[in-house]
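Let's go through this model together, asking at each step what a label rests on. Please have a look at the sequence and structure first.

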Protein chains: 2
Amino acid sequence: MNGPKVNQTLALVKLDHMRETPRTADLYSSAQAGSKNQTDMGTIRREGPGCTGNPQRLYVQDLPAKLDAGWVTGFVDGEGCFHIGINKHAEMRCGYQVLPEFTVVQHERDVELLQRIRDFFSCGVVRTNHGDRWAYRVRGLKDLANHIVPFFVMHPLKSEKRVDFEDFCRVLRMMEAGDHLTVEGVSRIRDIAARMNRGRSR
Amino acid sequence: MNGPKVNQTLALVKLDHMRETPRTADLYSSAQAGSKNQTDMGTIRREGPGCTGNPQRLYVQDLPAKLDAGWVTGFVDGEGCFHIGINKHAEMRCGYQVLPEFTVVQHERDVELLQRIRDFFSCGVVRTNHGDRWAYRVRGLKDLANHIVPFFVMHPLKSEKRVDFEDFCRVLRMMEAGDHLTVEGVSRIRDIAARMNRGRSR
């Protein structure tokens, strides 16, 4: 042994060993090379009707478990964005349209994760964004007020992104009061929107 | 009322209302304007010895609660990086030094969050990275094998970043076996390192 001495942890994630003795509930199977079995999600091992494995094993549909609130908060602390768009719009009385938006953007390889986030919040859409990026996107006062805001009120963000969330809520309340339909209201919303999403980690 | 009808959620996060009736355990205080009270962390409201509030309220030190595992997994799914550095090193037998590293980089405004992550894992350092960025960094086989790997084995990443984690574990095991001390081993490690952290969301 030329390598430094460490504890037994690494032995527990030995990939080749795990391949030889697969166990459905094995704690360490998520570290299998290239495995797509999402044992971390509390589901029974994925297998189709043509599976030639253990005949005693039940065939179950491939339904990943719902994400947990802690994970969603952490992921949004890292990857989420609360944004207030203000666009010119001739048909609006004040000449502008205010578009509040909550987004999570990921590389296309994680599009399924975005879909799970959409399912978690029971609203929004997952669409291509630009290039190889996809976005989970929630627009509209109703979905934001009924689904997104209550979640982050109950499960507060831990990063300074919560300041953006507070500003986001402030604008939603102004919109609820109809402030976005007046020139003065849009001006105040513009001031709030301008200070959001600055000093972010990218 | 010119605004669209929504449910009562927004009313619950009315900042001005909350300021008038502060309650320590109020669910919605995290949405207060500019509040630094970290009620989300399960601690009692921050207050110094000079506080002029309710005399029945205990003075407590400002100790944020430990982060929860779900949040840490979600945040690392978004912001973490498992990296294998390979540097030329004249003193190494094979001419190279293999440096496995786990990092989380954030804007300086979230340096406290990085410190909480360091405390969570009980290892690593928080240092300036470049410009206004700070990094939580864990190097060294021992800390990685004893603290970082076991956590993500027990709390698997949900994004495709888990594939990088699997490759990271693979290299750690090779190092444990001393492979990084041979020319052939370094070459195999280089192949694994090259395929890591590609197709990431940035």
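Predicted model: local features only at pLDDT ≥ 70, side-chain atom pairs only at ≥ 80, totals over all residues.

Q: What makes β1(B) and β2(B) an antiparallel pair?
A: Nine bridges join β1(B) to β2(B), and the two run antiparallel. Two strands pair if DSSP finds at least two bridges between them, so nine bridges qualify. The strands themselves are DSSP runs (E, at least two residues), just as helices are runs of H or I with at least four residues, and both are numbered from the N terminus. Within this pair, B:Ile86 stands opposite B:Val98 of β2(B).

Q: How do you know that β2(B) also pairs with β4 (residues 133-139) of chain B?
A: Seven bridges join β2(B) to β4 of chain B, again in the antiparallel sense. B:Val105 has B:Ala135 in β4(B) as its bridge partner, and B:Thr103 stands opposite B:Arg137 in β4(B).

Q: Why are β1 and β3 (125-128) of chain B called edge strands?
A: The four strands of chain B form an open, antiparallel sheet in the order β1-β2-β4-β3. Each of β1 and β3 pairs on one side only, and that makes them the edge strands. From one strand to the next, the twist averages 35°; angles are taken between N-to-C directions on a scale from 0 to 180 degrees, with axes fitted to C-alpha atoms (for helices, over the stretch in contact).

Q: Which strands does helix α3 (residues 69-79) of chain B touch as it packs on the sheet?
A: Helix α3 of chain B touches β1 and β2 of chain B, and its direction makes about 110° with that of β2(B). Contact here means heavy atoms within 4.5 Å. Helix α7 (residues 183-195) of chain B lies across β1 and β2 of chain B as well, at about 145° to β1(B).

Residues are numbered from 1 along each chain as its sequence is written, chains are lettered from A and ligands numbered from 1 in the order in which they are written, and side-chain values use heavy atoms, leaving out hydrogens and water.

Q: How many aromatic pairs does the structure hold over all chains, and why is the one between B:Phe82 and B:Phe102 called stacked?
A: There are 30 aromatic pairs over all chains. In the pair of B:Phe82 and B:Phe102, the centres are 4.9 Å apart and the planes make 25°. Rings of Phe, Tyr and Trp (its six-membered ring) pair if their centres lie within 6.5 Å, and planes under 30 degrees apart count as stacked, over 60 as edge-to-face and the rest as tilted.

Q: What makes B:Lys66 a charge over the ring of B:Phe120?
A: The charged end of B:Lys66 is 5.1 Å from the ring centre. The term asks for NZ of Lys or CZ of Arg within 6 Å of the centre and within 35 degrees of the ring normal. In chain A, A:Arg190 sits over the ring of A:Tyr96, 4.8 Å from its centre.
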